[in-house]
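Have the model open while you read.

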Amino acid sequence: MTTCKVAVVQAGSVVMSKVKTIDKAVKLIKEAGEQNANIIVFPEAFIPAYPRGMSFGVLVGSRSDSGRNDFLRYAKNSITVPGPETEQLGAAVKKAGAYTVIGVIERDSQTSGGTLYCTVIFFSPDGKLIGKHRKLKPTGSERLIWGEGDGSTLPVFDTPYGKIGTLICWENYMPLARAAMYEKGIQIYIAPTADARDTWFASMKHIAIEGRCFVLSCNQYSTKEMYEEDLLETEEMQQMPNEITRGGSCIVNPFGEFLVEPVFGKEEILYATLNLDDITRGHFDFDVVGHYARKDVFQLNVNENKRGVSQN
């Protein structure tokens, strides 16, 4: 394929309700599929929410009963991967016939079930769950509620439209994580995020130029009306503005130019048709892991084993 139509879904979760948010995701997948999108992208932590404005009752050195109850609620609205929720999403993806990438909060199903991960899951056009990426390093207060992923979930997938993969939010500020993606040949670089500051867009342009790849940056647009009503009663939420997250999703080509400039202030699906030959055109003068690399000087070692397993 030399072209690919992408859909970047800027929408807000129904905060703390996985049922309502999955229903919303299914409708948005259907809408993007009806527009003949080949790749559909959702924001970070879309199901059940990026918990902006929620403190979980934590002060350094102490916890609270109310905070533990907030965590309980968040955990109960998180999903297992795979699980019944991924089957529901997969059915919607199959009808749309598009690769779909969606941010979720994943509840550990391998060991105790007590840890939550900020995860991105990947579906193929036939609705099959083909893989996931767990965020390697939660940022700031995210560390209070999410565990750390490991190198075993750093996939890049071959598709008819090129190689796709993801780093989540501030993982994109980790130079060696980006280098690992480039080394795997990523061509459509997906960056779900919760960062809507102006500084984010400079990074998206830089990554596109550095990796000579298309960058799809996807953020939520959310307001207080998207929160479950009882959540709005907390002191923290009462101090928040009505517009919780302003959006800022965008699509960038391999020359660092916006194909779709950042969109603010509304829910919207951003569409663009990518000319995949632009990747090769960009490699003429810069290939970060090819003719512009000095592998006699620099080497990158990535441990892709599960945590606790030594690298061979």
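Start at the hairpin of strand 11 and strand 12: five residues lie between the strands, and Gly256 there takes a positive phi near 80°. Strands here are DSSP E runs of at least two residues, numbered from the N terminus, and two of them pair if DSSP finds at least two bridges between them.

Some ground rules: this is a predicted model, where local features need pLDDT of at least 70, side-chain atom pairs count only at pLDDT 80 or more, and totals for chains, interfaces and linings use all residues. Residues are numbered from 1 along each chain as its sequence is written, and side-chain values use heavy atoms, leaving out hydrogens and water.

**Strand 11 and its partners**
- Strand 12 (residues 258-264) pairs antiparallel with strand 11 over four bridges, and Ile251 has Val260 as its bridge partner there.
- Strand 9 (residues 214-218) is also antiparallel to strand 11, with three bridges; Val215 sits opposite Val252.
- Strand 10 (residues 221-223) runs antiparallel to strand 11 too, joined by three bridges, with Thr223 opposite Glu243.

**Burial**
- Strand 11 (residues 243-252) is largely enclosed by the rest of the structure, because eight of its ten residues are buried (under 20% relative accessible area, 1.4 Å probe, protein chains only; exposed is over 50%, partly exposed in between).
- Cys250 counts as buried, at 0% relative accessibility.

**Cysteines**
- The disulfide count is zero, taking a disulfide as a pair of cysteine sulfur atoms within 2.5 Å.
- Cys169 is buried at 5% relative accessibility, and its sulfur is 8.0 Å from the closest cysteine sulfur, in Cys118, so it's too far for a bond.
- Cys250 is in no disulfide either, with the nearest cysteine sulfur, that of Cys218, 9.7 Å away.
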